[in-house]
Amino acid sequence: MGQVNLGIIGGGTVGGGVFQALRRNGALMASRLGVELRVVRVAVRDVRKARAVKIPAALLTTDWQSVVNDPRVNLVVELMGGTTLARQVVLAALRLGKPVVTANKALLSAHGEELFAAAQKHGANLYYEASVAGGIPIIKVLREALIGNQITRLYGIVNGTCNYILTRMKLEGAGFAEVLADAQRLGYAETPPDLDVDGHDAAHKTGILASLAHGFWVNPRQIHTEGIRHITQLDIQFAGQLGYTIKLLGVVKKHDGQRPVQVAVYPALVPNSHVLASVNHVFNAVYVRGDVVGDTLYYGRGAGQDATASAVLSDLADAALDLKTGVKSRVAPFVPHERDGAVLPMDTAVSRYYLRLSVADRPGTLARIAAILGRAHIGISSVIQPEGHEVESVPLILMIHDAPNAAMRRALAQISKLAVIKGAPAMIRVESFE
Ligand code: NAP
Ligand code: HSE
């Protein structure tokens, strides 16, 4: 039986999980692969740190370069996070012709094109199944299983931390800060967690999925990104009364005959009848529509030690088989096959909206708001002023028909300036999944 020697950079939540999972299922994998996976070095920041998963001191070092350059190491596993040092680690390994497994979506989002080019140049593969949606093998799905499809729609709940927060806010009425602290304790959140709650982590992942689906590397700066900080209990409750659940969605849409692809991340009202509305807690789901296959759904834990370790193990297996057979690029990591690919400017994207205004409860208020929307050719589909809020200002909920983002943005800016508006309006898109 052959042997592949792993040098792991990072022994934290994911690195520890991989070490532990290899201890549990290494023999099983060896019997399935005909190759033994052996960890020979692990680089960490602090070798004396107490670790939930114990790693033998003899394997630990603080010097990542000595791991990458170790002649025994023939597969490098980057699990340190960040984009600066991690980029150096991955490039150094690829330059030595050593394949790399990474879970680092921030790195791929920022430097994917450069890293894939380096992988090709040096004939070493780059594997990244764990970078999107934790334990769900969505990279393989898009790159391999759905290769015969044009992807027309992709909707993903791809951030476990945000889904965990939104779920507990809805089901338990829990507070944002308290649930975020739990997500950090459970090893779901990034460092810093702003990457999660401000939507950037979901944007990194959505960009990777959009790139695979549409064949050009999506620049993260072109991805319209909103997080969940502004989602309040009030909106969660009103959305529930209207038959919706608020989810942070990664959205990739290609409309018939339209060249640019819409790629965006935003919280959205999802109809309770849609399967994504019932994806709760740390679970992720990716809903993919292909022109041949139709609608498909992938579901599983989106963050945390074991789910992510499972995805890393899958990459380790692919890499080990490639090393065993001597095939350098059995599955190309990313093939940029669409030269004219472009991202749709968000202002031209059309959507329905939920609008919650805090208004003075006096005659003429609704007429003023409706006049602004009317002049902008924006249609109102329903209006609710819930009972039981009879104080100085009252909530007014408007459900808005399909409207371009720019028109809605401008109308909202005008509405916000009305004297009858008390407090910041809340505008959340309503996803119809058409
Ligand atoms: P983590 O718990 O913070 O672990 C990071 C590890 O990297 C730690 O062991 C740290 O050492 C080590 N490290 C940091 N800087 C280093 C340096 N300069 N030299 C050597 N080692 C260094 O992070 P994580 O949650 O495992 O995440 C790792 C990667 O996986 C990130 O890219 C993340 O986005 C991605 N990911 C995470 C999850 C998840 O659920 N957590 C899921 C999917 C993907 P010390 O232990 O000594 O501090
Ligand atoms: N922080 C990420 C999340 C980890 O919560 O989804 C998994 O990529």
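Modeller: Residues are numbered from 1 along each chain as its sequence is written, and chains are lettered from A and ligands numbered from 1 in the order in which they are written. In this predicted model local features need pLDDT of at least 70 and side-chain atom pairs count only at pLDDT 80 or more, while totals for chains, interfaces and linings use all residues; side-chain values use heavy atoms, with hydrogens and water left out.

Colleague: What makes a residue part of the surroundings of ligand 1, and how many residues surround ligand 1?

Modeller: A residue is near a molecule if one of its heavy atoms lies within 4 Å of it. For ligand 1 there are 24 such residues, the closest being Gly-11, Lys-49, Arg-51, Glu-190 and Gly-304.

Colleague: Which side chain has an N or O atom 2.7 Å from an oxygen atom of ligand 1, and why is that called a polar contact?

Modeller: That side chain belongs to Arg-51, at 2.7 Å from a ligand oxygen. A polar contact is a pair of N or O atoms within 3.5 Å (within protein, one must be able to donate a hydrogen and the other to accept it, and residues adjacent in sequence count only if both atoms are side-chain atoms), so the Arg-51 pair qualifies. Polar backbone atoms also approach oxygen atoms of ligand 1, at 2.9 Å for Gly-12 and 2.8 Å for Asp-46. The protein buries 87% of the 900 Å² that ligand 1 exposes when taken alone, with accessible areas coming from the Shrake-Rupley method with a 1.4 Å probe.

Colleague: Which residues are closest to ligand 2, and which side chains make polar contacts with ligand 2?

Modeller: Ligand 2 has 13 residues around it, with Lys-105, Gly-160, Thr-161, Tyr-188 and Lys-205 the closest. Oxygen atoms of ligand 2 lie 2.5 Å from an N or O atom in the side chain of Lys-105 and 2.7 Å from a polar side-chain atom of Lys-205, whereas a nitrogen atom of ligand 2 is 2.7 Å from a polar side-chain atom of Asp-196. Of the 260 Å² of accessible area that ligand 2 has on its own, the protein covers 94%. Helices α6 (160-172) and α9 each supply at least two residues of this shell, helices being DSSP runs of H or I with at least four residues, and strands runs of E with at least two.

Colleague: Where is the cis peptide bond, and which residue other than glycine has a positive phi near 55 degrees?

Modeller: The cis bond joins Thr-191 and Pro-192, with omega about 0 degrees, and Pro-192 is in the loop between α7 and α8. The residue with phi near 55 degrees is His-281, which is placed in the loop between β10 (262-271) and β11 (283-290).
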